[in-house]
Amino acid sequence: MAPPPPDPVEQLYRDLETKIREYRPKDDLAPLERAFRFARQWHEGQTRDSGEPYMVHPVKVALILAEMRMDVVAMETGLLHDVVEDTSVTLEQVRKEFGEEVAHCVDGVTKLSKLDFYSAEDRQAESFRKMLLAMVEDIRVMMVKLADRLHNMRTLGFLSPERRERIARETIEIYAPIAHRLGMGKVRGQLEDLAFQYLEPDAFREIVTNIESRRHSNEEFLEEIRHTVESELRREGIPARLEARIKRPFSVFHKLRRQKIAMDQVYDLMALRIVTDSVKNCYAALGVIHNKWRPIPGRIKDFIAIPRPNLYQSLHTSVVGPHGQTFEVQIRTDEMHRVAEEGIAAHWKYKEGRKGPAEDDQRIAWLRHLVEWQQDMQDPGEFMSTLKVDLYPEEVYTFTPRGKVIVLPREATPIDFAYAIHSDVGSTCVGAKVNGRIVPLRSSLRNGDVVEIMTQSGHQPSKDWLAFVKTARARNKIKHLINASERVKAIEIGEKYLDKEARRLGVQLGRVTKSDFDRVAGEYGYSKMEDLYAALGYGKFSARQVLAKVAPEVVADEPEESKPTGGAAAEPQAAPAPGARQQDGDAVIKVRGLDDLLVYRAKCCNPIRGEAIVGYVTRGKGVAVHSKLCPNVQSLMYDVERKIEVEWARAVEEAFPVRLVLLTDDRPGMLNQLTSAISDENTNIRSLEAKTAVDQDGGIVEMTVDVRDKKQLEKLVAAMRRISGVRDVERLFK
């Protein structure tokens, strides 16, 4: 009789134990086996979309954690990370079976229940908030989450296209940047490339084909360079290990998009890495390289003297090689190389009572600040958008006049710099000098700028600043001060409005008790009357509605559709102004739960059917509807009270004008191909202007086209990007 086939899940677990024994030979693995048996029992009968047993996923997550050389608690969490979310196991059971540490980590990686939230956006935002808070206390929460996401991305092909895109976008916007901020270059690279192939399949194929077509000649070139560098370093007595690499597809794509350049202008497509024994020899090796080949001006970066915030250290230089080909050289020590690849996991020293890196580790300090700045943020959409900005790789290194380094996101302004020094410096800022010259406050700072902030006591931040600041710290401080000032004005306006309407309708407010007012405020979801006055002042609803509840015997209630909907928890909505109606052409949008409100599409972004939209109550003008991608949204939504839920009302055949700008190669026939692509998508061109770019090698085409909805726009943009020589296509917002 033939022996039974080997159990693949059991074999995977044995591989896990073998891997752990390589770097933790003395650890007791009994708790790990108990976690494996427990998870297997509860996941029994469950399968993944690929058809394989569900338990394969937790074990592979634990294997990724073992590759990171994590401790047993982290791997127990990896095995158990889905039991609370996907089975009937409770967190209390996990705590009882495996202890407080494991339970805390499992809770940190468990998403919140779908039943607790009105929308998927709310649930996603609060799940991230919960995860970040747990991560501050124990970094292993994020290690497990990254390992979980990495394995999910490797098996993403089995999901529906919609789920694939949602998960890939979340990965590239949230998880890859977190890996970057933790210095985990290897994990970040894998997440970005996996997400890229699902989000931009055409661009991914084109870049991979381009890289592969040059691979043979590039590898020959790198091998030649490697031999030359080895002999030069040997002659100078510099010990070194050399590695060659070709830039990752997503990195190439990101660079082409950001700098709007062609493939042959990517100077660091090929790179040689020199790993030596000391900092002194790093600089000596740099001298050898520059002595042999001519460096490209502006391409020398010293991340050893000034490490990146994620503690990455290396010397970077780009040089022109022997055949006129450009390539990058990275020079670092062994320790720097380990930190660059593994980040926070490279310094993993687990001791009793210690949950990871030291309290003052820079890679965790940014997270603590992030959680502090965002704890008061109520709006889920705002939380997610500022989180994405904060996770964006920091790249600008600026200095105070005394030489202190201030690291900021790309395109940060003097206002961001001022708030990075201190809140009071930011709020009282009236001007800035960069390298000794006065510059506008909206100017973008560059590497090496020396910034001096001019302040004036009693000065208040301007609402206009919100349109150009880049950091969450600056944005939140500005919003807080403006909100406080606007709220005082709104309360005053609301009181006057209520008083005026009461006199008109014959209601004597002097006879209404405070408890009656508080009761009415409570019916609208407010805890006190000041909040009700503020809502009236913002135009969220009418004074008549309030008076009808305060004195029903005097004032008739308003029609049913203008009452707040959704029960006691619902926010009161704006009442229609007298004679209000939808603006022509905007009947496709309505305020959720209400009819007959004055609603209009904002001209700055002209949102199109199918894309995410948000409404903003404007005093006396009705509800302005913006695309959530509109750059003005962040500056307008400083006050959550004025945000209102809007939705697309019905399908229509009318077209929406959309402005596009294309950066292309300057060659004959380009316009003909573009207009053919537009015609093939049954799209009308309203206007088109083409010109040669003055500061770049190429052409710029600006056009306004008619599209029916977001899907048609996406198809049109994809068709344009497929045209050879089209480097980038962007939608223009005014």
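Which backbone oxygen does the side chain of Arg731 reach? In this predicted model, that oxygen belongs to Cys605, and the side chain of Arg731 reaches it at 3.1 Å. A further polar contact joins the side chain of Arg731 to the side chain of Glu611, at 2.9 Å. Arg731 lies in strand β21, which spans residues 726-731. Its relative accessibility is 19%, and Arg731 therefore counts as buried, the cut-off being under 20%.

The chain as a whole was examined next. It holds 26 helices and 21 strands. Of its 734 residues, 50% are buried. The accessible surface of the chain comes to about 35200 Å². Carbon and sulfur atoms account for 50% of that surface. Contacts across the sequence were also counted. Among those between residues at least 6 apart in sequence, 66% join residues at least 24 apart.

Aromatic rings were then considered. A pair of aromatic rings is described by the distance of the centres and the angle of the planes. A search of the whole structure finds 12 aromatic pairs. One of them is formed by Phe303 and Tyr397. This pair is tilted, with 6.2 Å from centre to centre and 55° between the planes. The pair links distant parts of the chain, its two residues being 94 residues apart. Phe303 sits in the loop between β4 (301-302) and β5 (315-320). Tyr397 belongs to strand β7, residues 394-399. Both Phe303 and Tyr397 are buried. Another aromatic pair, Trp648 with Phe656, is edge-to-face. Here the centres are 6.0 Å apart and the planes make an angle of 70°. Trp648 is buried, as is Phe656.

Phe303 has a charged neighbour as well. Arg308 lies over the face of Phe303, at 4.2 Å from the ring centre. Elsewhere, four phenylalanines form one aromatic cluster: Phe196, Phe204, Phe250 and Phe253.

Attention then turned to a sheet. Four strands make up an open sheet in the order β13-β15-β14-β16. The pairing in this sheet is mixed. Its edge strands are β13 (599-601) and β16 (643-644), and each pairs on one side only. Strand β14 covers residues 613-618. Two bridges join β14 to β16, and these strands run antiparallel. The bridge partner of Gly615 is Ile644, in β16.

Strand β14 also takes part in the surroundings of a helix. The buried residues of helix α22 pack against β14. They pack against three helices too: α20 (472-505), α21 (514-523) and α23 (543-550). Helix α22 runs over residues 529-538. Nine of its 10 residues are buried, so α22 is largely enclosed by the rest of the structure. The buried set includes Met529, Asp531, Leu532, Tyr533 and Ala534. Ala535, Leu536, Gly537 and Tyr538 are also among the buried residues of α22.

Terms used:
Residues numbered from 1 in each chain as written. Predicted model: local features only at pLDDT ≥ 70, side-chain atom pairs only at ≥ 80, totals over all residues. Heavy atoms only, no water. Buried < 20%, exposed > 50% of the residue type's maximum accessible area, 1.4 Å probe, protein only. Polar contact = N/O pair within 3.5 Å; in protein donor to acceptor, adjacent residues only side chain to side chain. Contact = heavy atoms within 4.5 Å. Areas by Shrake-Rupley, 256 points an atom, 1.4 Å probe, with all protein chains shown as cover. Phe/Tyr/Trp six-rings, centres within 6.5 Å; stacked < 30°, edge-to-face > 60°. Lys NZ or Arg CZ within 6 Å of the ring centre and 35° of its normal. Pairing = 2+ DSSP bridges.
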